[in-house]
There are 6 protein chains.
Amino acid sequence: MFSVTVRDHMLIAHSLRGEVFGPAQRLHGATYVVDATFRRASLDADGIVVDIGRAAEALRAVMSELGYRNLDDEPELAGVNTTTEALAKLVADRIADRVRGEGLDGITVTLRESHVAWASYERPL
Amino acid sequence: MFSVTVRDHMLIAHSLRGEVFGPAQRLHGATYVVDATFRRASLDADGIVVDIGRAAEALRAVMSELGYRNLDDEPELAGVNTTTEALAKLVADRIADRVRGEGLDGITVTLRESHVAWASYERPL
Amino acid sequence: MFSVTVRDHMLIAHSLRGEVFGPAQRLHGATYVVDATFRRASLDADGIVVDIGRAAEALRAVMSELGYRNLDDEPELAGVNTTTEALAKLVADRIADRVRGEGLDGITVTLRESHVAWASYERPL
Amino acid sequence: MFSVTVRDHMLIAHSLRGEVFGPAQRLHGATYVVDATFRRASLDADGIVVDIGRAAEALRAVMSELGYRNLDDEPELAGVNTTTEALAKLVADRIADRVRGEGLDGITVTLRESHVAWASYERPL
Amino acid sequence: MFSVTVRDHMLIAHSLRGEVFGPAQRLHGATYVVDATFRRASLDADGIVVDIGRAAEALRAVMSELGYRNLDDEPELAGVNTTTEALAKLVADRIADRVRGEGLDGITVTLRESHVAWASYERPL
Amino acid sequence: MFSVTVRDHMLIAHSLRGEVFGPAQRLHGATYVVDATFRRASLDADGIVVDIGRAAEALRAVMSELGYRNLDDEPELAGVNTTTEALAKLVADRIADRVRGEGLDGITVTLRESHVAWASYERPL
């Protein structure tokens, strides 16, 4: 199995709902350094999983939709508890929509919220 | 599949038994930067795999049991060759004991012994 | 010259005032991974610049004052444009207040806002 | 499942064939920071997956065969489009040839071409 | 003293002249992960050293002039031994030309050629 | 001012003397990831501060003298409290002895004891 990963980031504000989150129930924010991994069982005719420039553009586009925003105020995220795990799935699903039909087998997205904590979501394509 | 990872570290002394280890048969030590990854097929009612604070506490507790010690002198490690691989399993098993019954599917523990070498152990829960 | 550095982090929300900031004028947030460096021309009687545990506590205390907050709403930051540079100075000055009189010669604080951008402030003590 | 990873690097020149590569069709080069991961279901009699020194030597040997060369001029790579993905497979296959018969279950090789892009190839042994 | 740093990278081919370089006298290449640090004694009216977006653009422009090229064939580098040190100065001088007159006190450029070696050049502005 | 840095590491056991060290008064150990920086005002005839291979050898030699040892038992360290700061100076002084007379202006050595703590010593040459 082959994979290619590209890294980008976004800066967002949000708050989390639920007592388990303690002080993170207050409005705060995070830099998410985001790794998007594209998997493919065999390489295409150019010898690649996906063009690294094309993969970076797909990730950049999703970062631009979410970055420099207060996620609590985004209509399309209404009712979503924007935990790192949930955002990893949201980013993976949005990237999947952009690269469908290109022969990929799966996608994994990792959001690093600090040097000591991160979350991932892995899905087939 | 979702996962959450938290990072901590411990400083220990030990020696390794077996000619394959060369100079590492002498008493020496290591900093292990330890990543504990918790896996879960779907998120819980709060939208998380495990609370990051709770995960960090479980890892911290295990680090405190082992850190600032000479592992060669620990009665409960008598007869164990404390290689990085064996310690990865030991840490994973101890964390598993602390988080059982919380709906997790698996745990992976990685011990980084330097910037150029690390070992992992992956297990279901 | 000797130095000791400890690392911690904080998650905050804020917005920036000024056209130069473009989309960062909107309410957003950041994870700041913060490195606090303590400098001293010669070591103390214990052979250290500052105890690493003591340095980590001073940094942790300042992180707790600022973290999990919307800096736009903090009364003591009213009128401050909380750029990464300005926050580096704020953190350095607050740590300085906590370690004065311990023989240190200077402090540098670096705030990493992503894997591709960071800011520092260096001052004598 | 256990694994051990060692890291090394190589500096090479090459060019890529195919319009998708844009400016990378010109002769350029890269530093590949290479992680070789060795997997094994259970530890051997010494309590290891593979000796870290032995693993590092196998990786070093493969790096020496490729490093400080223009891959476009290597007879044994004639006809190969030396993408990061293809090189990950090449390195994994060469390491596999060096460690066969030592009870390993699989190998993964990751080539990091920058701080924002990398590729992997995973195979059984 | 304040500073702001931005990171980018370039992929180049080159060879080095001089017996001291051993195998690096052959045509090979490198990824340089490049950190450009901008220094300023006091912040400007917006509370910054330099806008991070503006700094990133200046660095990006210089990377584009050099990247995806064989430096041995660049007319403007004829006669230059393109060591990591010499390239650090070249990049710093080119960035300096782009940001002169903006109140900066100095620039430092670091080129990381691998995870175990890097070079820097520091200059006033 | 130019500089070149090379990275290596050593694994040691030791204990620290003094109540300030708390649990680190017990025999334990550490991996020190060590960065040795060589400074020079202008480049030599080959266009370098120091050959990276030569610098790496000097650092490797010093790592070999100290690594895989219990520093408490080393006769030449008798009476030395082997704090990270003191070891940074020891390593810098030993490297200085090996590169004297090569036109260098100074050396800085940084010992990283974990992902969240490190110490440096800077000296002229």
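A helix crossing counts as left-handed if the near helix is turned anticlockwise from the far one by less than a right angle, and as right-handed if clockwise. By that rule, α1(F) passes α2(F) in a right-handed crossing. Before going on, note that this is a predicted model, where local features need pLDDT of at least 70, side-chain atom pairs count only at pLDDT 80 or more, and totals for chains, interfaces and linings use all residues. Residues are numbered from 1 along each chain as its sequence is written, chains are lettered from A and ligands numbered from 1 in the order in which they are written, and side-chain values use heavy atoms, with hydrogens and water left out.

Back to chain F. Two packed helices are described by the angle between their axes and the distance between the axes. Here, helix α1 (residues 52-66) of chain F and helix α2 (residues 84-99) of chain F pack at about 130 degrees, their axes 10 Å apart. Helices are DSSP runs of H or I with at least four residues, strands are E runs of at least two, and both are numbered from the N terminus. The axes are lines fitted to C-alpha atoms, for helices over the stretch in contact, with angles from 0 to 180 degrees between N-to-C directions. α1(F) and α2(F) are therefore oblique to each other, since under 35 degrees is roughly parallel, over 145 roughly antiparallel, 65 to 115 roughly perpendicular and the rest oblique.

Who makes the contact (heavy atoms within 4.5 Å)? From α1(F) come R54(F), A58(F), L59(F), A61(F), V62(F), M63(F), E65(F) and L66(F), and from α2(F) come L90(F), V91(F), R94(F), I95(F), R98(F) and V99(F).

Now over to chain A, where T84(A) sits in helix α2 (residues 84-99). T84(A) is buried at 5% relative accessible area; buried means under 20%, exposed over 50%, and partly exposed in between, using a 1.4 Å probe and protein chains only. Leaving out residues up to four places away in sequence, T84(A) touches Y32(A), L111(A), E113(A) and A119(A).

Most residues other than glycine have a negative phi. Y68(E), not a glycine, has a positive phi of about 55 degrees. Y68(E) lies in the loop between α1 (52-66) and β3 (69-70) of chain E and is partly exposed, at 28% relative accessibility. In chain F, phi of Y68(F) is likewise positive, near 55 degrees.

Conventions. Contact means heavy atoms within 4.5 Å.
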